[in-house]
Amino acid sequence: MKKKTKLALFIACVCITAVGTVIWFVWNKPHRSVEKEKGIKVTAEQLVIDYELSDSVANSKYLDKAIAVSGKVAATAVNQDGQNTVTLQSASLLSSVYCTLKKGQPVPAAGNTVSIKGICTGKLSDVVIIDAIVEQ
Amino acid sequence: MKKTLLILLLAVMCTTSQAQKIFQTKSGKVKFFSSAPLENIEAVNNQVDSKLATNGQLVFMLGIKGFRFENATMQEHFNENYMESTKYPKAVFGGTITNLAAINFDKDGTYNTSVTGELEIHGVKKKVSIDGTIEIKSGKVSVKSKFNIKLSDYNIKGSLIGEKIAKEVEVTVDCKYD
(Lines give C-alpha, C1' and ligand atoms only; values in the text may rest on other atoms or scores of the structure.)
Protein backbone atom coordinates (compact mmCIF):
# COMPACT_ATOMS: atom_id res chain seq x y z
CA MET A 1 0.00 0.00 0.00
CA LYS A 2 2.76 2.37 1.00
CA LYS A 3 4.67 1.55 -2.15
CA LYS A 4 1.59 2.27 -4.25
CA THR A 5 1.09 5.66 -2.57
CA LYS A 6 4.72 6.54 -3.17
CA LEU A 7 4.45 5.54 -6.82
CA ALA A 8 1.25 7.55 -7.25
CA LEU A 9 2.91 10.57 -5.66
CA PHE A 10 5.94 10.17 -7.91
CA ILE A 11 3.78 9.96 -11.05
CA ALA A 12 1.77 12.99 -9.93
CA CYS A 13 4.98 14.97 -9.44
CA VAL A 14 6.28 14.01 -12.88
CA CYS A 15 2.97 14.96 -14.49
CA ILE A 16 2.81 18.33 -12.74
CA THR A 17 6.40 19.12 -13.71
CA ALA A 18 5.77 18.09 -17.32
CA VAL A 19 2.58 20.14 -17.61
CA GLY A 20 4.29 23.08 -15.90
CA THR A 21 7.22 22.93 -18.30
CA VAL A 22 4.93 22.81 -21.33
CA ILE A 23 2.91 25.80 -20.04
CA TRP A 24 6.11 27.70 -19.33
CA PHE A 25 7.40 27.09 -22.86
CA VAL A 26 4.10 28.01 -24.49
CA TRP A 27 3.78 31.16 -22.38
CA ASN A 28 7.37 32.24 -23.00
CA LYS A 29 7.60 31.29 -26.64
CA PRO A 30 9.77 33.67 -28.65
CA HIS A 31 8.37 36.47 -30.80
CA ARG A 32 7.82 35.78 -34.45
CA SER A 33 10.95 36.52 -36.41
CA VAL A 34 10.55 37.89 -39.91
CA GLU A 35 14.10 36.77 -40.83
CA LYS A 36 12.93 33.16 -40.88
CA GLU A 37 9.87 33.82 -43.03
CA LYS A 38 9.92 33.78 -46.80
CA GLY A 39 7.87 36.92 -47.32
CA ILE A 40 5.45 37.80 -50.11
CA LYS A 41 7.34 39.77 -52.74
CA VAL A 42 5.64 42.97 -53.87
CA THR A 43 6.65 46.43 -55.08
CA ALA A 44 5.76 49.51 -53.03
CA GLU A 45 3.69 50.78 -55.99
CA GLN A 46 1.66 47.58 -56.25
CA LEU A 47 1.12 47.34 -52.48
CA VAL A 48 -0.31 50.85 -52.32
CA ILE A 49 -2.47 50.26 -55.44
CA ASP A 50 -3.86 47.05 -53.89
CA TYR A 51 -4.76 48.91 -50.67
CA GLU A 52 -6.24 51.89 -52.51
CA LEU A 53 -8.45 49.57 -54.56
CA SER A 54 -9.82 47.69 -51.56
CA ASP A 55 -8.74 47.71 -47.98
CA SER A 56 -10.43 44.40 -47.20
CA VAL A 57 -9.13 42.52 -50.25
CA ALA A 58 -5.61 43.83 -49.61
CA ASN A 59 -5.87 42.93 -45.93
CA SER A 60 -6.79 39.34 -46.78
CA LYS A 61 -3.64 39.22 -48.90
CA TYR A 62 -1.16 41.10 -46.71
CA LEU A 63 -2.41 41.77 -43.15
CA ASP A 64 -0.17 40.19 -40.51
CA LYS A 65 1.87 38.47 -43.24
CA ALA A 66 5.60 38.83 -43.78
CA ILE A 67 6.05 40.84 -46.95
CA ALA A 68 9.17 41.89 -48.82
CA VAL A 69 8.49 45.33 -50.30
CA SER A 70 10.83 46.75 -52.90
CA GLY A 71 10.94 50.41 -53.77
CA LYS A 72 12.79 53.69 -53.75
CA VAL A 73 13.56 55.24 -50.38
CA ALA A 74 11.72 58.57 -50.20
CA ALA A 75 12.76 59.47 -46.66
CA THR A 76 14.20 58.08 -43.46
CA ALA A 77 13.57 59.23 -39.89
CA VAL A 78 13.80 58.22 -36.25
CA ASN A 79 10.52 57.74 -34.34
CA GLN A 80 9.65 58.78 -30.76
CA ASP A 81 11.17 55.58 -29.34
CA GLY A 82 14.41 55.85 -31.31
CA GLN A 83 13.48 53.25 -33.95
CA ASN A 84 14.53 53.95 -37.53
CA THR A 85 11.80 54.38 -40.11
CA VAL A 86 11.93 54.23 -43.90
CA THR A 87 9.31 55.60 -46.27
CA LEU A 88 9.14 53.85 -49.64
CA GLN A 89 7.83 55.84 -52.55
CA SER A 90 4.74 54.76 -54.47
CA ALA A 91 3.01 56.08 -57.57
CA SER A 92 0.27 57.61 -55.40
CA LEU A 93 0.55 61.17 -54.15
CA LEU A 94 -1.49 60.39 -51.05
CA SER A 95 0.10 57.16 -49.81
CA SER A 96 3.47 55.54 -49.40
CA VAL A 97 4.80 52.50 -47.54
CA TYR A 98 5.92 53.35 -44.03
CA CYS A 99 8.37 50.85 -42.52
CA THR A 100 9.64 50.71 -38.94
CA LEU A 101 12.94 48.83 -38.78
CA LYS A 102 14.10 46.41 -36.12
CA LYS A 103 16.96 47.54 -33.91
CA GLY A 104 20.42 47.21 -35.45
CA GLN A 105 19.27 47.29 -39.07
CA PRO A 106 21.25 49.42 -41.51
CA VAL A 107 19.35 52.52 -42.62
CA PRO A 108 19.31 52.85 -46.42
CA ALA A 109 20.00 56.25 -47.95
CA ALA A 110 17.21 58.27 -49.54
CA GLY A 111 17.06 57.70 -53.28
CA ASN A 112 18.34 54.11 -53.10
CA THR A 113 16.22 51.19 -54.21
CA VAL A 114 15.86 48.55 -51.49
CA SER A 115 13.84 45.57 -50.42
CA ILE A 116 12.43 45.72 -46.89
CA LYS A 117 10.88 42.68 -45.26
CA GLY A 118 8.50 43.10 -42.35
CA ILE A 119 5.02 42.43 -41.04
CA CYS A 120 2.14 44.36 -42.58
CA THR A 121 -0.30 45.86 -40.06
CA GLY A 122 -2.66 47.37 -42.65
CA LYS A 123 -3.15 50.82 -44.17
CA LEU A 124 -3.63 54.09 -42.30
CA SER A 125 -2.48 57.10 -44.37
CA ASP A 126 0.34 54.83 -45.56
CA VAL A 127 0.62 51.06 -45.72
CA VAL A 128 2.40 50.18 -42.48
CA ILE A 129 5.22 47.61 -42.18
CA ILE A 130 6.79 46.87 -38.78
CA ASP A 131 9.56 44.72 -37.23
CA ALA A 132 11.30 45.10 -40.57
CA ILE A 133 14.72 44.13 -41.85
CA VAL A 134 16.58 45.57 -44.84
CA GLU A 135 17.32 42.82 -47.37
CA GLN A 136 19.45 44.73 -49.87
CA MET B 1 -14.28 55.37 -46.23
CA LYS B 2 -15.61 57.87 -43.70
CA LYS B 3 -12.10 58.46 -42.45
CA THR B 4 -10.79 59.04 -45.94
CA LEU B 5 -13.51 61.63 -46.44
CA LEU B 6 -12.64 63.24 -43.14
CA ILE B 7 -8.99 63.46 -44.10
CA LEU B 8 -9.88 64.84 -47.53
CA LEU B 9 -12.15 67.36 -45.83
CA LEU B 10 -9.28 68.40 -43.58
CA ALA B 11 -7.05 68.74 -46.61
CA VAL B 12 -9.61 70.83 -48.49
CA MET B 13 -10.17 73.07 -45.49
CA CYS B 14 -6.44 73.59 -45.29
CA THR B 15 -6.17 74.82 -48.85
CA THR B 16 -9.27 77.03 -48.76
CA SER B 17 -8.42 78.83 -45.58
CA GLN B 18 -4.89 80.10 -45.25
CA ALA B 19 -5.19 80.60 -41.53
CA GLN B 20 -5.61 76.87 -40.90
CA LYS B 21 -2.61 74.67 -40.47
CA ILE B 22 -2.40 70.90 -40.23
CA PHE B 23 0.13 69.09 -38.10
CA GLN B 24 0.68 65.42 -38.76
CA THR B 25 2.62 62.38 -37.68
CA LYS B 26 2.84 58.75 -38.74
CA SER B 27 4.88 57.69 -35.74
CA GLY B 28 2.77 58.74 -32.79
CA LYS B 29 2.68 56.50 -29.76
CA VAL B 30 -0.22 54.82 -27.97
CA LYS B 31 0.34 52.60 -24.99
CA PHE B 32 -2.09 50.58 -22.98
CA PHE B 33 -1.78 49.12 -19.56
CA SER B 34 -3.89 46.76 -17.54
CA SER B 35 -3.02 45.28 -14.20
CA ALA B 36 -3.55 41.53 -13.93
CA PRO B 37 -2.84 39.16 -11.06
CA LEU B 38 -0.17 37.12 -12.86
CA GLU B 39 1.51 39.64 -15.05
CA ASN B 40 0.70 43.23 -15.97
CA ILE B 41 -0.45 43.62 -19.53
CA GLU B 42 1.34 46.37 -21.38
CA ALA B 43 1.72 47.09 -25.07
CA VAL B 44 2.98 49.89 -27.30
CA ASN B 45 2.07 50.99 -30.79
CA ASN B 46 4.60 53.29 -32.49
CA GLN B 47 2.80 53.75 -35.81
CA VAL B 48 -0.06 56.01 -34.78
CA ASP B 49 -1.23 58.14 -37.68
CA SER B 50 -2.59 61.46 -36.52
CA LYS B 51 -3.57 64.83 -37.92
CA LEU B 52 -4.33 67.92 -35.90
CA ALA B 53 -5.72 71.04 -37.57
CA THR B 54 -5.61 74.45 -35.97
CA ASN B 55 -9.38 74.73 -36.47
CA GLY B 56 -9.69 72.09 -33.75
CA GLN B 57 -10.16 68.93 -35.79
CA LEU B 58 -8.23 65.91 -34.66
CA VAL B 59 -7.88 62.40 -36.13
CA PHE B 60 -6.03 59.37 -34.78
CA MET B 61 -5.72 56.00 -36.50
CA LEU B 62 -3.79 52.91 -35.55
CA GLY B 63 -3.45 49.31 -36.65
CA ILE B 64 -4.34 46.89 -33.84
CA LYS B 65 -1.76 44.41 -35.13
CA GLY B 66 0.89 47.07 -34.54
CA PHE B 67 0.73 46.70 -30.74
CA ARG B 68 3.89 45.11 -29.42
CA PHE B 69 3.95 43.13 -26.15
CA GLU B 70 6.95 41.85 -24.31
CA ASN B 71 5.32 38.44 -24.21
CA ALA B 72 4.53 36.81 -27.58
CA THR B 73 1.71 34.63 -26.23
CA MET B 74 0.01 37.65 -24.71
CA GLN B 75 0.29 39.44 -28.05
CA GLU B 76 -1.35 36.49 -29.75
CA HIS B 77 -4.22 36.33 -27.23
CA PHE B 78 -4.74 40.07 -27.51
CA ASN B 79 -5.09 39.85 -31.29
CA GLU B 80 -7.02 36.62 -31.58
CA ASN B 81 -9.19 36.40 -28.47
CA TYR B 82 -9.80 39.98 -27.44
CA MET B 83 -9.48 42.39 -30.33
CA GLU B 84 -10.20 39.98 -33.23
CA SER B 85 -7.74 42.13 -35.14
CA THR B 86 -8.05 40.29 -38.44
CA LYS B 87 -11.75 41.20 -38.51
CA TYR B 88 -11.26 44.67 -36.99
CA PRO B 89 -7.73 45.76 -37.95
CA LYS B 90 -8.05 49.45 -37.06
CA ALA B 91 -8.96 51.74 -34.18
CA VAL B 92 -9.95 55.27 -35.11
CA PHE B 93 -10.74 58.45 -33.24
CA GLY B 94 -12.07 61.57 -34.92
CA GLY B 95 -13.13 64.61 -32.97
CA THR B 96 -12.85 68.29 -32.25
CA ILE B 97 -11.21 70.35 -29.54
CA THR B 98 -13.91 71.91 -27.38
CA ASN B 99 -11.81 74.70 -25.85
CA LEU B 100 -10.06 75.89 -28.99
CA ALA B 101 -10.14 79.54 -27.90
CA ALA B 102 -7.84 78.68 -25.00
CA ILE B 103 -5.11 77.34 -27.32
CA ASN B 104 -2.71 79.62 -29.11
CA PHE B 105 -0.81 77.56 -31.70
CA ASP B 106 1.62 80.45 -32.22
CA LYS B 107 2.63 80.76 -28.61
CA ASP B 108 4.81 78.28 -26.68
CA GLY B 109 3.11 76.66 -23.73
CA THR B 110 1.22 73.65 -22.41
CA TYR B 111 -2.52 73.94 -22.79
CA ASN B 112 -5.10 71.75 -21.09
CA THR B 113 -7.63 70.62 -23.58
CA SER B 114 -10.76 68.57 -24.00
CA VAL B 115 -11.77 66.72 -27.12
CA THR B 116 -15.12 65.22 -28.01
CA GLY B 117 -15.66 62.82 -30.83
CA GLU B 118 -16.19 59.24 -31.87
CA LEU B 119 -13.90 56.40 -30.90
CA GLU B 120 -14.07 53.18 -32.89
CA ILE B 121 -12.51 50.05 -31.45
CA HIS B 122 -13.35 46.42 -32.25
CA GLY B 123 -15.96 47.61 -34.77
CA VAL B 124 -17.92 49.50 -32.09
CA LYS B 125 -18.31 53.28 -32.36
CA LYS B 126 -18.86 55.34 -29.26
CA LYS B 127 -19.15 59.03 -28.48
CA VAL B 128 -16.42 60.01 -26.05
CA SER B 129 -15.00 63.06 -24.36
CA ILE B 130 -11.30 62.91 -23.52
CA ASP B 131 -9.05 65.31 -21.62
CA GLY B 132 -5.42 65.90 -22.49
CA THR B 133 -2.76 68.50 -23.09
CA ILE B 134 -1.41 70.21 -26.18
CA GLU B 135 2.14 71.44 -25.97
CA ILE B 136 3.54 74.02 -28.36
CA LYS B 137 7.29 74.43 -28.40
CA SER B 138 9.07 76.45 -31.10
CA GLY B 139 6.37 75.69 -33.64
CA LYS B 140 6.30 71.94 -32.84
CA VAL B 141 3.10 70.47 -31.46
CA SER B 142 2.65 67.45 -29.23
CA VAL B 143 -0.47 65.92 -27.74
CA LYS B 144 -0.65 63.88 -24.58
CA SER B 145 -3.57 62.16 -22.92
CA LYS B 146 -4.34 59.38 -20.49
CA PHE B 147 -7.79 57.85 -20.17
CA ASN B 148 -9.56 54.60 -19.34
CA ILE B 149 -11.50 52.38 -21.68
CA LYS B 150 -14.17 50.04 -20.44
CA LEU B 151 -13.82 46.80 -22.42
CA SER B 152 -17.54 46.02 -22.28
CA ASP B 153 -18.30 49.36 -24.00
CA TYR B 154 -16.56 48.02 -27.09
CA ASN B 155 -17.88 44.50 -26.79
CA ILE B 156 -14.42 43.13 -26.04
CA LYS B 157 -14.55 39.74 -24.37
CA GLY B 158 -11.64 37.48 -23.69
CA SER B 159 -12.35 33.82 -24.09
CA LEU B 160 -9.12 32.42 -22.73
CA ILE B 161 -8.14 34.39 -19.67
CA GLY B 162 -11.38 36.30 -19.67
CA GLU B 163 -11.87 36.74 -15.97
CA LYS B 164 -8.29 37.54 -15.24
CA ILE B 165 -7.93 40.83 -17.01
CA ALA B 166 -9.20 44.11 -15.69
CA LYS B 167 -12.54 45.43 -16.89
CA GLU B 168 -10.87 48.69 -17.79
CA VAL B 169 -7.56 49.41 -19.47
CA GLU B 170 -5.54 52.59 -19.26
CA VAL B 171 -4.64 54.18 -22.59
CA THR B 172 -1.78 56.67 -22.91
CA VAL B 173 -1.46 58.83 -26.02
CA ASP B 174 1.82 60.58 -26.78
CA CYS B 175 2.08 62.11 -30.25
CA LYS B 176 4.76 64.48 -31.44
CA TYR B 177 3.76 66.10 -34.71
CA ASP B 178 6.14 66.89 -37.59
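Reader: Why is A:Asp64 called partly exposed?

Author: In this predicted model, A:Asp64 has a relative accessibility of 31%, and because buried means under 20% and exposed means over 50%, this residue counts as partly exposed. A:Asp64 is found in the loop between helix H3 (55-62) and strand E2 (66-78) of chain A.

Reader: What makes the phi of A:Asp64 worth a remark?

Author: Its value is positive, about 70°, although A:Asp64 is not a glycine. Most residues other than glycine have a negative phi.

Reader: Which salt bridge does A:Asp64 form, and how do you know that the term applies?

Author: The partner is B:Lys65, and the closest N and O atoms are 3.6 Å apart; the cut-off for a side-chain nitrogen of Lys and a carboxyl oxygen of Asp is within 4 Å, so the pair qualifies as a salt bridge. Across the interface of chain A and chain B, the rule finds six salt bridges. The elements that give two or more residues to the side of chain A that touches chain B are helix H1 (2-27), H3, strand E4 (97-101), strand E5 (113-123) and E6 of chain A.

Note on methods. Residues are numbered from 1 along each chain as its sequence is written. Chains are lettered from A and ligands numbered from 1 in the order in which they are written. This is a predicted model: local features need pLDDT of at least 70, side-chain atom pairs count only at pLDDT 80 or more; totals for chains, interfaces and linings use all residues. Side-chain values use heavy atoms; hydrogens and water are left out. Helices (H or I, at least four residues) and strands (E, at least two) are DSSP runs, numbered from the N terminus. Buried means under 20% relative accessible area, exposed over 50%, partly exposed in between (1.4 Å probe, protein chains only).
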